[in-house]
Amino acid sequence: MQDSVDRIARPWGGRTPYDRHRPWPARVDTYLADGIAPEAVDRWVQAASILHSDGDAMDIAVKGGRIVGVRGRAVDRVNHGRLGPKDLFGWQANAAKDRLTRPLVREDGRLVETDWGTAMDRIVSRSRQLLEERGPGSIGFYTSGQLFLEEYYTLAVLARAGIGTPHLDGNTRLCTSTAAEALKESFGCDGQPGSYDDIDHADVIALFGHNLAETQPVQWMRILDRLEGADPPRLVCVDPRPTPVARRASVHLAPRAGTNVALLNALLHEIVRTGRTDTAYIEARTVGFDELKARLASCTPRWAADICDVPAARIEEAAEVLGTADRLLSTVLQGVYQSHQATAAAVQVNNLHLIRGMLGRPGAGVLQMNGQPTAQNTRECGADGDLPGFRNWQNDEHVADLARVWNVDPGTIPHYGPPTHAMQMFRYAEQGSLRMLWISGTNPAVSLPELSRIRSILARDRLFVVAQDLFPTETAQLADVVLPAATWGEKTGTFTNADRTVHLSDKAVEPPGEARPDLDIFLDYARRMDFRDKDGAPLVTWHDPESAFEAWKRCSAGRPCDYTGLSHARLRGGSGVQWPCHDRAPEGTPRLYGAGITWAHPDACESYGKDLVTGASVEAVEYRSLNPDGKAVLKAAEYLPPHEEPGDAYPFQLTTGRTLYHFHTRTKTGRAPQLNAAAPDVWVEASAGDARSLDAHEGDLMEVATPRGLLHARLRITDIRPGLLFVPFHYGYWDTPAGHAPDATTPGRAANETTVTDWDPVSKQPLFKTAAAALRLLERADGETSAAPTTTASAPHRPEDAPATEGGPAARVTETAGPDRSDGEGSDG
C-alpha cells in the first residue's frame, strides 16, 4: 500500500504538535502489503510490538489465513496509534522461506529433520541422564527477551522447582540487567518509577546513553511532537555520538567512553553545591545523603573535564538545566549499562532524582530502560536469574513463600548463593561442569562477547545444546537438537514493556509446518519429565496461555509486580495497563513512589544491595542497620577507569550499539525487505580527523581489530568524538555468501568478534562499550586495494539524510491523524 510518507526516509513520520499537560494526539499508522486495501482485510487481531521495549500496540491484518499488514491502536496509552519502522515492516519475517518447520537432530555431524517425539525424547533422555550422573547443576537454560510472560513463568518453574538448577538466565543479561540492579540498589526493588506519559509533562528530559530516536522511535516521535509545540522541553543528551537526540539537545555532553560515573558525579556535585536539592524529601525518604555528599565534594566539573574530555563549562551548563527543572524525566540505556561501572553510573541517575525530589508525579520520573520487548517479564517471572515475583533469594521467608505457591519444599528452590548469570553459565560450559544448555529465542553465537570463544564452547562434543528458534540461526547450526518455534502473531500471550504496561498479543494465524509455541514446548517437556510437587501432583498444572497467566497471578499476588487485577479478558480490546494492578489499584499504577518508597523495607525488599565496586552481596543485617525504615538508598560511587585502555597497538576506543532499522541479531528484521535494504551491512563510524589520519574516505572498506578478533566494514564519517569508533552489533553470518561464521578465508562481520569477555561487577552485564581497537584501510570505495582481500559491503541508510530510495514504494505508510496534524517535514525529515 502506497502513501506520501516514506517511513524509511522519514522514520518518525509527520508531526502532531502538542503542549505540556495536554494529551498526545492520536495518529494511526498503517502498512498493508501491496494490493491489499483496508476493506479487503478479513479481520484485525490485537497485538503489540515484539521488536523493541516500547510495547507499541497494534492490530494485525489477516487475509486468507496469512498476515498482510499492521496498524497502530489509537486507544493505547503507549503509542496512541503510531508505529515505528520495525513495527510496520518486521511482520514480513514470519513468512520468510527459511522458517524452521520441523525439528532437527544432529546425526553424524549434520542436522537432519525428525519428528517431535524423537527430538523431545533426546532432550528428556539427556536431561535424566545428567540429573542422575551429575545433578541439577549440569543443566542450564538461556532464554530470550522476546518470549511471552506465560512462557517465562513456565520455564522458571520447570527450571527452578523441576530441575532444581541455579543456571537460568536470559539474553536480557546483555541489555537490561543493569536496569534491574540499579533500581534494586536505590529502591530495594525492581520496577520503573516513571511512565511514558511523563514526556507529556516534563520541562526537562535527560537522556543518559540512550539513543531514544533509534531504540524506541515512537517515544522519540512523542518528544518531537512536544518540541514542535508551544511549550517545548529542554533536552540534555549524554552520548559520544551525534545521534538524532544529540542534534536536538539543548546541551549535548559527549564524554570519553567509560567515564559516565565521573561525569554524573560532577553533575551531582554542582546540584548539591548550588543548593538545588529538596532537603525535606531527602530527610523524609532517603538514607545515605551525607556519604554521597562527602564522595561528591572533590568531583568538580574541572576534575571531571580532564577525565571525560568534556569542557567544564558544558558540565556546569548541563547541571544548571537539570538543577532548575520543575519536572525532570530521565531515561537511561546501553551507553550506561554496557560499561565497567554500569550499575554505579545508573544509580547516580537515580540519586539525581532522589536529591531533587523528582519522583512520583507527572513529568518527574526516571526510566531505567529496557532494550528488549519482554525484558521486564524475564525479571518479574524469574527467568533472568532472580526469583519470581521480585522475591529476595537471601530472604528465607521469601523463598518459603514461593515454595508455598509452587507446593514444593523450600530446599528444592536453589537459593544457597547468587543465581548464575549468563556469562558464568558459558564459563561453566567451557570448564565442563555444565553439560546441557537449552537456548530459547536467542542467538548467542552473534550477540555475546568474544564470539570465537562462544562458538568454540557451543561446538564442544560434551555440551548438549538445544536451540529453540524460528530460523536456522548461527546458534542453531551448532546445536544438537533444534526445535521450531512459533512467534508473535502465531500464538497468544502477554508481555510488559519498559514502563510496566502489560499488553495482550493474540494469535492471528497458524504457525508454519510443525512449529509450536514456546509455551507448548515447555509444557511438553514438563509432562515428559513428570515433574511433581511435594504431594505427588503435577508441578505444572496449567495447559494454555490463559491458565498460565492465572497461575502467574497467584505468584505475583502481594508482590510489587502484582497482576491480580488483570486477565486476558481485561486486556483484550482496549489499552494496555500498568502494573501493579489489584483491588486497591484496579486501573493500574501510572507511577511508583508518589506516596513513599514502598518496597525497600528489609522484610520486603527484593535485594539487600551489592558493593558497587566488587559486586559482593550485602548481608541482611548490614542492610537492616543501614535502612531499618525502608527508605530509598543514596549510594555513592567512586570513578574507576575502564579495564581496557587504548595504547600504541590499539589506539582507539570501540563502542557497539544499535540502528533504527534492526533488532538484536537481525533474525527478523534482516528478513523484512524494507528494513534490510535500509541497513544491509555493517559499518564503522569514525571522526573526520581520524579518517584523515588514515587517508580514508566515506565508503572505504576498513579493518577494525582488537586483541580478540577483527571485522571488515565500510567507513561512515560522522561527528563522533575523536578517538572513538562505533560498530552496530546486529550483523551475523546467516545471510552472507558463506552462510557461516568466519574462518581463515572469511573476514568477520559481527561486532562481537572484537568485544571483551568482561562484565559490570554488580549487574554482570557484559562490556560492549570500551574495547581498545585499531583501524586500518583495506580498500578504497572505488575498488582500489590497499592492504588485503575484501568482502563486499553496502553503505547503510541514514534517516537524517535526504529521502532515500532503498525502501521504494513498499516503505510508504498511511498516517491518519486529527486536526492537530502537521503535514510539514518537521525537524526529523
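**Group meeting: a sheet, its cysteines and its salt bridges**

Strand β8, residues 139-143, is joined to strand β16, residues 436-440, by 4 bridges, and the two run parallel. A word on terms. Two strands pair if DSSP finds at least two bridges between them. Strands are DSSP runs of E with at least two residues, helices are runs of H or I with at least four, and both are numbered from the N terminus.

Before going on, what are we looking at? This is a predicted model, where local features need pLDDT of at least 70 and side-chain atom pairs count only at pLDDT 80 or more, while totals for chains, interfaces and linings use all residues. Residues are numbered from 1 along each chain as its sequence is written, and side-chain values use heavy atoms, with hydrogens and water left out.

Back to our strands. F141 stands opposite W438 in β16. Now zoom out. Which sheet holds them? An open sheet of 7 strands, in the order β7-β6-β18-β17-β16-β8-β9, with mixed pairing. At the edges sit β7 (110-113) and β9 (168-170), each pairing on one side only. From one strand to the next, the twist averages 20°. Helix α17, residues 422-431, packs on this sheet and touches β8, β9 and β16. Contact here means heavy atoms within 4.5 Å. The direction of α17 makes about 140° with that of β8. Axes are lines fitted to C-alpha atoms, for helices over the stretch in contact, and angles run from 0 to 180 degrees between N-to-C directions.

Next, cysteines. A disulfide is a covalent bond between the sulfur atoms of two cysteines. The cut-off used here is a pair of cysteine sulfur atoms within 2.5 Å. How many disulfides does the structure hold? It holds 0. Take C237: the nearest cysteine sulfur, that of C308, is 14 Å away. C237 is also buried, at a relative accessible area of 1%. Buried means under 20% relative accessible area, exposed means over 50%, and partly exposed is in between, with a 1.4 Å probe and protein chains only.

Last topic: salt bridges. That means a side-chain nitrogen of Lys or Arg within 4 Å of a carboxyl oxygen of Asp or Glu. A search of the whole structure finds 57.

Here is one of them. K491 and E151 meet through their side chains, 3.0 Å from N to O. K491 lies in the loop between β18 (481-484) and β19 (493-496), and E151 in helix α3 (residues 149-163), so the pair ties together parts that are 340 residues apart in sequence. Are these two buried or exposed? K491 is buried, at 4%, and E151 is buried, at 2%.

Now D326 and R327. Their side chains meet in a salt bridge at 3.6 Å, N to O. D326 is partly exposed at 42%. R327 is partly exposed at 21%.

Another pair is R570 and E587, with the closest N and O atoms 3.6 Å apart. R570 sits in helix α22 (residues 568-571), and E587 in the loop between β21 (577-578) and α23 (620-626), 17 residues apart. R570 is partly exposed at 31%, while E587 is exposed at 64%.

One network to finish. R77, D197, D200, R222 and D499 are joined by salt bridges that share partners.
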